[in-house]
Amino acid sequence: MNKLYDCDLIQDLLPLYQDEICSESSKKAVQEHLEECTVCRNTADKLMNDRIEKLLIQEKNKVLVAHKKKERKRTFTIGIVTASVLMIPIIVCLICNLAIGHALDWFFIVLAAMLVVASLTVVPLVVQSNRGVWTIVGFTGSLLTLLLVCCIYVGGNWFVLVAVSCMLGLSIVLAPYVIHHIPLPKFLRNQKGLLVMVWDTLWLFALITVCGIYVGGSSNYWHIAIGSTIYGIALPWIIFVIIRYFPVHTCTKIGLITMIVGIYSAFANDALTWLSGYQMGGSILKADLLSDFSTKNREVLNANILLIVMIALIFVGAIFVVVGLATKKRAGRS
Ligand SMILES: [Zn+2]
């Protein structure tokens, strides 16, 4: 076969040919060459298929973007309508409150309550990005406002106490989500778990402090409250550090945690007694396995049970640790 043009030249021309933007003479040359050359014909077919596929993807994306835009606009409109509906009880209450001569007292309670409703219904519909986080922020803010208004209305002094309790409860449930979704400085991006733990711990201590101030806590209060709180949060912290930072096999982590939980719960009474300065129930130190379980002495019986549970958990944990270490060693070798 004697081709008039070089295949490379024809293939360079193919895109222009398929777009129909080459000159008449080039078009003719390509057509003639394609009739003769199977290789270039195949290339032309493949090129055409690729272009069609690309066009289809572009078209699909365009449709999706348009749909999303439309959907967003609709949601926004529904949000605005909901907000307007919520305005009705607010306005009615405003008029009633003024009409019966009260100086807008309970109106603010209705307003704040409606803000809570709005934070859960209007905010997720109206906000364009990071809806979850904004809804949580809105809900928390409006809930605190409602509490403040109620507190002022009844002349109470409990606002800070209730607010800090709410913040602790909400933080435990929602802080992981919020911290996962908000932009963080670079050095904190890999420390979200740590951030959640610190945040919750701070709120817990804030609650202990506020309670202490509220009840006019004596030095006994601070001793017991801080001592037992430290012991209480020690376990979650230890488990967190092991799971997050120990570079060992999962089995080893499970084993370590099991052993620690065993020791932690067995010595809970002793540790709390030591930390708080008050006798907090029985002590494992009273254990005496030599006296059989028919002993009438409850303290010894309790201590024996604690000791046996601890030994069992340490034993089970040790098995996990050994399995984990063996698995890691074998994985490292292979
Ligand atoms: Zn060719």
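Analyst: A residue is called buried when its relative accessible area is under 20%, exposed when that area is over 50%, and partly exposed in between. The structure discussed here is a predicted model.

User: Which residues of α4 are buried?

Analyst: Helix α4 covers residues 107–126, and what covers its buried residues includes α3 (38–99) and α5. The buried residues in α4 are F107, V110, A112, M114, V116, A118, S119 and V122.

User: On which residue is the kink in α4 centred?

Analyst: Helix α4 bends by about 45°. The kink is centred on A118.

User: Is T135 buried or exposed?

Analyst: T135 is located in helix α5, which spans residues 131–153. Its relative accessibility is 13%. Because the limit for a buried residue is under 20%, T135 counts as buried.

User: Which residue's backbone oxygen does the side chain of T135 reach?

Analyst: The side chain of T135 comes to 2.7 Å from this oxygen, and a polar contact requires a pair of N or O atoms within 3.5 Å. The backbone oxygen belongs to R131.

User: Where does N130 lie, and what is its phi?

Analyst: N130 is found in the loop between α4 and α5. With a relative accessible area of 33%, N130 is partly exposed. Its phi is positive although N130 is a residue other than glycine, and the value is near 55°.

User: What is the relative accessible area of E20?

Analyst: E20 sits in the loop between α1 (7–18) and α2 (24–36). It is not a glycine, yet it has a positive phi of about 55°. E20 is exposed, because its relative accessible area is 68%.

User: Which helix gives the largest share of the nonpolar patch?

Analyst: I254, F315, V316, I319, F320 and V323 make a nonpolar surface patch of about 500 Å². One of them, V323, is partly exposed at 40% relative accessibility. The largest share of the patch, five residues, comes from the helix spanning residues 298–333, α11.

Conventions:
Residues are numbered from 1 along each chain as its sequence is written. This is a predicted model: local features need pLDDT of at least 70, side-chain atom pairs count only at pLDDT 80 or more; totals for chains, interfaces and linings use all residues. Side-chain values use heavy atoms; hydrogens and water are left out. Helices (H or I, at least four residues) and strands (E, at least two) are DSSP runs, numbered from the N terminus. Buried means under 20% relative accessible area, exposed over 50%, partly exposed in between (1.4 Å probe, protein chains only). A polar contact is a pair of N or O atoms within 3.5 Å; within protein, one must be able to donate a hydrogen and the other to accept it, and residues adjacent in sequence count only if both atoms are side-chain atoms. Patches are made of residues with over 30% relative accessible area and no salt bridge: like charges are joined within 9 Å, nonpolar side chains (Val, Leu, Ile, Met, Phe, Trp, Tyr) within 5 Å. Accessible areas come from the Shrake-Rupley method with a 1.4 Å probe; for residues, only the protein chains shown count as cover. A salt bridge is a side-chain nitrogen of Lys or Arg within 4 Å of a carboxyl oxygen of Asp or Glu. The bend at a residue is the angle between axes fitted to the seven residues ending there and the seven starting there. Contact means heavy atoms within 4.5 Å.
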